[in-house]
Amino acid sequence: MYSISVRRVCSLYLCIFFFLSNAKADVRDDERLILQELYNATMRVVPSIIVSNSKYNDWTSPTTDHCTWTGISCDGEGRVSRLIVKGGVMKGNLPYSLRGLTRIQHLDLSLNNLEGTLPDVLSTMTVLDYVDISSNLLLSGTIPPIPPSVITLHLFYTHISGSLPDYLFLNRDSDHDVSLQILETSN
């Protein structure tokens, strides 16, 4: 009887371990798909962009770990924590699926040819502290919801307008003197 309960307990622990392992793998797979959607929506639009920016070809590899792709950094759990794709590499509209990159701390999509409105993708990025979408002259609309964690925000040379929430200017805890350090807009 004792050996059966030990087996059951061990089986339970193994099930939990495999469930958690698979859950982490599923999230990583989801993030990989989101990044591939971003690539397809903004980096494959004009062939000359791809040719001139071949350093991003690793984004098309079905076998390369997305944490090693150009412009991507991941945290210790393999979740995307930094997305830096700037300098004329992107053209088009940002996909709404970027909402799924919830662990991003640093987002820099500056100096590109992004257009349309900025979808409400930032609000799900609850640890985001740096955002730079400046110098995307065709990006327009209103400022989407911004998480309170944002410390640095660059919106200059865009046609994005609107008000920023008051909580970005308030002292939320003793670790921060000012919640928002830098704000630059064209408007």
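**Exercise 1.** In which strand is the place of Leu 138?

*Solution.* Start with two notes on the model. It is a predicted one, where local features need pLDDT of at least 70 and side-chain atom pairs count only at pLDDT 80 or more, while totals for chains, interfaces and linings use all residues. Residues are numbered from 1 along each chain as its sequence is written, and side-chain values use heavy atoms, with hydrogens and water left out.

Next, find the strand: Leu 138 belongs to E7, residues 138-142. Helices (H or I, at least four residues) and strands (E, at least two) are DSSP runs, numbered from the N terminus.

Then look at the surface. Leu 138 has a relative accessible area of 54%, so this residue is exposed. The cut-offs are: buried under 20% relative accessible area, exposed over 50%, partly exposed in between (1.4 Å probe, protein chains only).

**Exercise 2.** Find the disulfide and describe its geometry.

*Solution.* First, the bond itself: a disulfide is a covalent bond between the sulfur atoms of two cysteines. The search criterion is a pair of cysteine sulfur atoms within 2.5 Å. Over the whole structure, one disulfide turns up. Its partners are Cys 67 and Cys 74, with sulfur atoms 2.1 Å apart.

Now check the handedness. The torsion about the S-S bond of Cys 67 and Cys 74 is about -90°, so the disulfide is left-handed.

Finally, compare the accessibility of the partners. Cys 67 counts as buried because its relative accessibility is 17%. Cys 74, at 23%, counts as partly exposed.

**Exercise 3.** Which residues does Asp 58 contact, leaving aside its neighbours within four places in sequence?

*Solution.* Begin with the location: Asp 58 sits in the loop between helix H2 (47-52) and strand E1 (72-74). Contact here means heavy atoms within 4.5 Å. With that rule, Asp 58 is in contact with Thr 68, Trp 69 and Thr 70. Thr 70 is 12 residues away along the chain, and its C-alpha atom is 7.0 Å from that of Asp 58.

**Exercise 4.** How many helices and strands are there in the protein?

*Solution.* Counting gives two helices and 10 strands. Reading from the N terminus, the order of elements is α-α-β-β-β-β-β-β-β-β-β-β. To finish, turn to burial: of the 187 residues in the protein, 38% are buried.
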